[in-house]
Amino acid sequence: MSSCLFCRIVSREIPAEIVHENDHVLAFRDLRPVAPTHVLVIPKRHVAAVREAEDTDVELLGQVMIGARDAARKLGLVAGGYRVVMNNGDDAGQTVFHLHAHVLGGRTLAWPPG
Ligand code: 5GP
Ligand code: ZN
């Protein structure tokens with residue numbers, strides 16, 4: 001059994017509200033949403049964060065972004081717009097060390113982020 005929370009969501013050991021899935025990625029609703037629509041898109045293969053990614057992870061990283069696009073389409077965010085964010089390490093507030101893209105939408109989002 002993996003000790004990684006998001007690997008356990010991939011293997012269905014921990015439930016999540018899945019909104020999009022293919023061979024490469026899983027997208028599910030964040031447990032503590034900070035926007036009306038807030039989903040996380042993760043690669044099924046464990047990589048801790050962008051800062052830990054290898055040059056050979058280019059396909060995985062591309063699949064996460066395409067997964068974010070597909071999740072946003074399914075959730076009706078395209079017309080209004082949305083944000084895709086990946087936190088890396090402590091200063092960025094990363095709390096789960098399995099790479100994930102936050103897809104945020106459904107309201108006007110402030111910039112710069114806090
Ligand atoms: P980070 O802070 O690492 O960028 O984002 C981790 C996100 O995972 C947070 O927004 C947090 O609410 C979410 N999260 C933490 N544990 C769980 C969980 O068990 N299920 C789901 N669906 N989201 C989680
Ligand atoms: Zn993992």
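Predicted model: local features only at pLDDT ≥ 70, side-chain atom pairs only at ≥ 80, totals over all residues.

Before I start on contacts, my rule for a polar contact: a pair of N or O atoms within 3.5 Å, where within protein one must be able to donate a hydrogen and the other to accept it, and residues adjacent in sequence count only if both atoms are side-chain atoms. With that in hand I checked Q94, whose side chain reaches the backbone oxygen of A48 at 3.1 Å. A polar atom of the Q94 side chain also lies 2.8 Å from the backbone nitrogen of G89.

Residues are numbered from 1 along each chain as its sequence is written, chains are lettered from A and ligands numbered from 1 in the order in which they are written, and side-chain values use heavy atoms, with hydrogens and water left out.

**Entry: Q94 and its place**

I placed Q94 in the loop between strand 4 and strand 5. Helices (H or I, at least four residues) and strands (E, at least two) are DSSP runs, numbered from the N terminus. Is Q94 buried or exposed? Q94 is buried, because its relative accessibility is 5%. For this I call a residue buried under 20% relative accessible area, exposed over 50% and partly exposed in between (1.4 Å probe, protein chains only).

**Entry: the zinc ion**

Which residues coordinate the zinc ion (ligand 2)? I found C4 (SG), C7 (SG), H46 (ND1) and H98 (ND1), at 2.0 to 2.3 Å. Donors here are N, O and S atoms within 2.8 Å of the metal (3.2 Å for Na, K and Ca); water is not among the atoms, so sites may look incomplete. The angles among the four donor atoms run from 103 to 117°, and the site of the zinc ion (ligand 2) is tetrahedral. For four donors, that label asks for all angles between 85 and 135 degrees.

I wrote the spacing of the donor residues along the sequence as C-x2-C-x38-H-x51-H. C4 sits in the segment before helix 1 (5-10) and H46 in the loop between strand 3 (37-43) and helix 2 (58-74), so this pair ties together parts that are 42 residues apart in sequence. I compared their cover too: C4 counts as buried at 13% relative accessibility, while H46 counts as partly exposed at 37%.

**Entry: H100, next to look up**

H100 belongs to the loop between strand 4 (82-85) and strand 5 (101-105). H100 counts as buried because its relative accessibility is 6%. A polar atom of the H100 side chain lies 2.7 Å from the backbone oxygen of H98, and H98 is one of the zinc donors.

**Entry: ligand 1**

How many residues surround ligand 1? I get 16, counting a residue if one of its heavy atoms lies within 4 Å. The closest are D30, N87, T95, H100 and H102. A backbone N or O atom of R29 lies 2.9 Å from a nitrogen atom of ligand 1, and a polar backbone atom of L31 is 3.2 Å from a nitrogen atom of ligand 1. Ligand 1 taken alone exposes 520 Å², and the protein buries 87% of that. Those areas come from the Shrake-Rupley method with a 1.4 Å probe; for residues, only the protein chains shown count as cover.

I count two strands as paired if DSSP finds at least two bridges between them. Strand 1 (residues 18-21) and strand 2 run antiparallel, joined by three bridges, and form a hairpin with three residues between them. Across this pair, E21 has L26 as its bridge partner and H20 stands opposite A27. Strand 2 also runs antiparallel to strand 3, with five bridges; there V25 is partnered by P43.

Strand 2 (residues 25-29) is mostly covered, with four of its five residues buried. In strand 1 I looked up V19, which counts as buried at 17% relative accessibility. The C-alpha atoms of V19 and V41 are separated by 9.6 Å, and the two residues are 22 apart along the chain.

R12 is not a glycine, yet has a positive phi of about 70°. I found R12 in the loop between helix 1 and strand 1, partly exposed at 45% relative accessibility. Further on, W111 and P112 are joined by a cis peptide bond, with omega about 0°. P112 lies in the segment after strand 5.

Technical notes. Tetrahedral: all angles 85-135°; square planar, octahedral: opposite > 155°, others 65-115°.
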